[in-house]
Structure formats: C-alpha cells, structure tokens
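Me: I am new to this one and would like to learn how to read it. Could you walk me through it step by step?

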Amino acid sequence: MLIKNQIYETVITDYTSEGQGVAHIEGCAVFIPNAIAGERVTVRIEKAQKTWAAGKIVEILERSPHRCNRECPVAKLCGGCDFWHMDYAEETRLKAERVRNCLNRLGGEALTEIPILSAPTCHGYRNKAQYPVSQKKGRAYAGFFRAGTHDVVENKRCLILPEETDAVKDAVMDYVNQYRVTVYDEVAHKGLLRHIYVRRGVVSGQVLVCLVCNGDKLPRVEELLKRLERIPGFTTLVLSVNTKKGNAVLGDKFITLHGPGYIEDTLCGLTFRLSPRSFYQVNHHQAQRLYQAAISQAEITKEDLVLDLYCGVGTITLAMAGAAGKVIGVEVIPQAVADARDNARRNGIENAEFFCGDAGQAALELEKNGVHPDVVVVDPPRKGLNADTIEALHRMSPRRIVYVSCDPATLARDVALLKARGYSLKNAMAADLFPRCSHVESVVTLVREC
Ligand code: SAH
C-alpha cells in the first residue's frame with residue numbers, strides 16, 4: 001500500500017473514464033487529475049487504498065508535447081470541463097482509445113483502431129446550460145459546481161457556451177440581486193431560485209429560459225422579462241417547480257410565464273419543438289454528424305420497418321422516416337413523446353408512430369403484437385439497455401441494430417450480450433459531442449449472423 005502524503009516519481013500511462021491520468025506505482029493504480037499520458041511527474045498521495053490511490057501532481061519532470069495553457073481561467077476549479085490542460089488532438093485520441101478499449105475488454109472484440117468524428121470547434125458549442133445559483137456575503141451568483149461538490153464556482157464567461165447563454169445568466173442574476181429574490185440553500189432546504197436553465201436553438205436562434213424554483217411564484221416577473229427581452233432570440237420563460245430535496249435539477253411541474261413554453265430548432269433538415277424536459281443533444285453540429293453516421297450504418301430501404309428505442313423528441317426516428325417504410329419511436333417521458341408527435345406533424349411525416357413507455361416493456365409488447373422491425377436503433381441513457389430490451393431485441397431479431405451510446409462501458413457490455421444472441425459487430429465509431437469534457441459518444445452496428 002502506498003503511503004499517504006508521501007511523494008513518488010512515476011509516469012502517466014493511461015486515463016480514467018473521467019479523464020484523470022493513471023499511473024502504476026508498486027502495483028497500485030494511482031489516479032492523478034490534470035495529468036497527460038507519457039508525462040513523468042512527482043505525485044503526492046492524498047488517499048491510499050489497497051489496490052488504488054489518488055494523488056496530485058507536485059512537479060512535471062517531463063512535460064507532454066500535448067500540454068497547453070488553460071484558456072479558461074476557472075478550469076482548475078470548475079467541475080464542468082476536464083481537458084483544458086491538453087490539446088484537442090490528445091483529447092480525441094484518448095476518447096477513441098476509451099471506446100476501443102471498452103469494446104475489446106468488455107465486448108470481446110479485437111479492434112486495432114476506432115475512428116472518431118472530431119469537432120470543428122471547442123468553443124461556444126453547447127446549446128444548453130444549467131447554472132446552479134449560490135450566494136456569498138449577500139450577493140447571489142451563478143456558475144458551475146466544483147468537481148465532486150455542490151460549491152458553486154462563479155464563471156463569468158464559459159467558453160463552451162454561446163455568449164447569449166451567459167447573457168441570460170447575467171440578466172437573471174441582475175434581477176435576483178436587485179429584487180432580493182432568495183437563493184436556494186440545499187442544507188436548510190430554504191430559498192427560492194435553484195438553477196437557471198437555458199436552451200438555445202443553434203439554427204433558429206430562439207432562447208428558452210427556465211428558472212428552477214423551490215416554489216411556484218416568482219416576484220416582479222415583469223422586471224425579469226424587461227431584462228430578458230434585451231437578449232437576442234429570447235422566446236419563452238418557464239418556471240419549473242422543484243420543491244424536493246436531492247440532485248435532480250428540473251421539477252415535475254412547469255408553468256409558462258411568457259411565450260409558448262418551448263422553442264424550435266432545425267436538425268437534419270427537420271424542425272423540432274423542444275420543451276425544457278425533452279432531451280436534445282447539446283452539440284448541434286456534431287449531433288447531426290452522429291445521426292448521419294447512424295442513418296448510413298442502418299442501411300434502410302423503403303420496405304423497412306424501423307424501431308427507434310429511447311427516441312426522445314423523435315430526432316433520429318424522423319430523420320430516418322424518409323428512407324424507411326415506417327418508423328416507430330418509443331420514449332418514456334410523456335412531454336418528449338408529445339413533442340415527437342408534434343414534430344412528425346409539423347414536418348409532414350405520416351409514416352411515424354410514437355409510444356410512451358419503458359423501451360424494454362414497450363418492445364416486448366410490440367413483439368407480442370407481431371411487430372418485427374427490420375432495423376432497430378437504440379440510444380439509451382448511460383446505464384445502457386435493460387434486460388427486457390435485450391430480450392425484446394433477441395425475439396424481434398432485426399437484421400441490423402444500430403446502437404448510439406453515451407457510455408462506452410455499458411455499450412460494450414450490451415454488445416457482448418447481443419453477440420451471445422446471434423449478432424456480430426460491424427461498424428464502430430466514436431464521436432466527440434463534448435469537446436473539453438470527458439464524455440464520449442459512439443455509434444456501432446450489429447448485424448444478425450444468419
Ligand atoms: N435519440 C434521442 C434521445 C436520446 S437520449 C436523441 O438523440 O435526441 C435517451 C432518451 O431515452 C431520453 O429521451 C430519455 O428520456 C429516454 N429514456 C430513458 N429511460 C428510458 C426508458 N427506460 N425507456 C424509454 N426511454 C427512456
């Protein structure tokens with residue numbers, strides 16, 4: 001076991017899934033933030049367990065050519081991004097490697113390389129932000145949580161957000177400080193404003209502002225609107241009522257205070273209505289490229305029935321509708337299903353149907369009713385597919401399964417389960433939808449063997 005507070009010399013060999021550097025000292029894996037593979041460093045051990053330890057760099061003895069000065073002044077404190085200390089080439093290399101390693105280790109593959117769709121820019125790409133609010137010495141401020149805590153680090157200008165989004169935050173905080181709107185304190189479970197949620201359509205320019213409150217009324221709404229109306233594209237103001245303790249950002253009740261309560265945006269040539277609760281990929285440009293990759297891997301024909309499980313507002317479902325005979329989407333959030341149906345209608349798509357429910361249960365039910373899709377697309381949350389979904393895929397036995405994933409470990413686990421049920425891996429590709437952050441997306445295709 002390594003000794004706490006002792007300093008060791010080591011070489012960084014790898015990265016964790018959160019983007020920390022990994023070194024091995026005396027058979028023990030040591031996790032070291034802000035480290036780059038290949039660097040020789042001295043590290044102080046801060047936490048020591050039997051098989052692993054956590055440490056901090058004391059000195060970089062051999063600096064990686066990929067190391068660079070952090071453009072973001074709060075990068076070291078803010079828990080939002082992970083990679084401002086390295087260049088983008090190293091970031092995309094490590095992301096593609098993570099997907100490849102997972103598929104090899106957990107998915108039983110022997111891939112030598114995986115391509116990655118790199119992003120053209122690391123700046124201003126996020127179309128959504130959720131700022132927690134806090135206060136110090138009577139002044140309220142907003143920012144992002146420090147990694148692993150609920151301390152809010154003030155961030156005047158977040159580099160991965162467009163300027164309009166930060167302008168909304170500033171306008172709301174100006175109103176909050178001027179009219180002494182109380183700020184939520186999670187320990188005391190008191191105070192009104194919890195989060196400022198902003199979503200901006202990249203193509204439409206429309207801006208949705210949703211204030212998450214521990215209550216159902218905001219004081220002096222007209223003063224808030226006066227400030228928001230100065231922001232280009234401001235379209236709607238919604239109050240989300242969240243009076244529960246815990247980490248969930250949005251509440252269950254939404255009250256529209258101004259405008260329609262949703263915004264629109266264009267993706268893959270289609271118009272989408274987006275409510276605060278609906279999932280919408282945060283990187284518009286890269287999402288389009290990811291969906292195009294998924295569509296081309298699906299190899300759909302005009303006779304095909306396509307099932308899109310975990311379909312959100314129907315982005316992939318509707319983007320595939322033109323090439324298919326019929327498309328069916330399944331999604332668990334009722335508001336997203338309502339958006340998906342509305343999106344089909346507003347785009348004049350008549351061969352799409354949407355069901356609200358758990359993906360696995362709905363798929364089993366569809367199968368029982370004789371629905372046998374030719375192609376199934378799945379795009380689950382990080383936990384991946386549940387047992388019902390795997391079983392339904394097995395019984396439905398589609399020709400192709402296109403799996404869009406935001407977690408390579410659960411993707412690889414599910415690939416192994418599907419391989420055991422007669423499928424083999426055809427294509428695998430990583431996509432960077434979150435430059436400077438450790439998340440990585442991927443899309444793979446599984447084909448039925450006979
Ligand atoms: N394919 C869509 C959405 C992907 S995100 C897009 O790219 O825009 C994953 C979606 O799965 C979310 O909309 C989430 O609400 C939904 N979801 C989560 N758990 C689910 C479940 N058990 N059954 C069906 N949908 C689920």
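Me: Which residue is the bridge partner of Ala428 in β23?
Reply: Strands of a sheet pair through backbone hydrogen bonds, either parallel or antiparallel. Here Ala428 has Val444 of β23 as its bridge partner. Another such pair is Ala431, which stands opposite Glu441 in β23. Both belong to a model that is predicted, where local features need pLDDT of at least 70, side-chain atom pairs count only at pLDDT 80 or more, and totals for chains, interfaces and linings use all residues. Residues are numbered from 1 along each chain as its sequence is written, and side-chain values use heavy atoms, with hydrogens and water left out.

Me: In which sense do β22 and β23 pair, parallel or antiparallel?
Reply: Two strands pair if DSSP finds at least two bridges between them. Strands (E, at least two residues) and helices (H or I, at least four) are DSSP runs, numbered from the N terminus. In this model β22 (residues 423-431) and β23 (residues 441-448) are antiparallel, with eight bridges. By contrast, β7 and β22 pair in the parallel sense over two bridges, and Ile116 stands opposite Ala430 in β22.

Me: What is the order of the strands in the open sheet of eight?
Reply: The order reads β7-β22-β23-β21-β20-β17-β18-β19, and the pairing is mixed. At the edges are β7 (116-117) and β19 (352-356), each pairing on one side only. Helix α6 (residues 334-346) packs on this sheet and touches β18 (326-331) and β19; contact means heavy atoms within 4.5 Å. The direction of α6 makes about 170 degrees with that of β19. Such angles run from 0 to 180 degrees between N-to-C directions, and the axes are lines fitted to C-alpha atoms, for helices over the stretch in contact.

Me: How many residues surround the ligand?
Reply: A residue is near a molecule if one of its heavy atoms lies within 4 Å of it. Here 15 residues surround the ligand, and the closest are Tyr291, Thr315, Glu331, Asp358 and Ala359. The shell divides into nine nonpolar, three polar and three charged residues. In that grouping Ala, Val, Leu, Ile, Met, Phe, Trp, Tyr, Cys and Pro are nonpolar, Asp, Glu, Lys and Arg are charged, and the others, Gly among them, are polar.

Me: What lies 2.9 Å from a nitrogen atom of the ligand?
Reply: A polar contact is a pair of N or O atoms within 3.5 Å. In this model, a polar side-chain atom of Asp379 is at that distance from a ligand nitrogen. The protein buries 88% of the 570 Å² that the ligand exposes when taken alone; accessible areas come from the Shrake-Rupley method with a 1.4 Å probe.

Key:
Polar contact = N/O pair within 3.5 Å; in protein donor to acceptor, adjacent residues only side chain to side chain.
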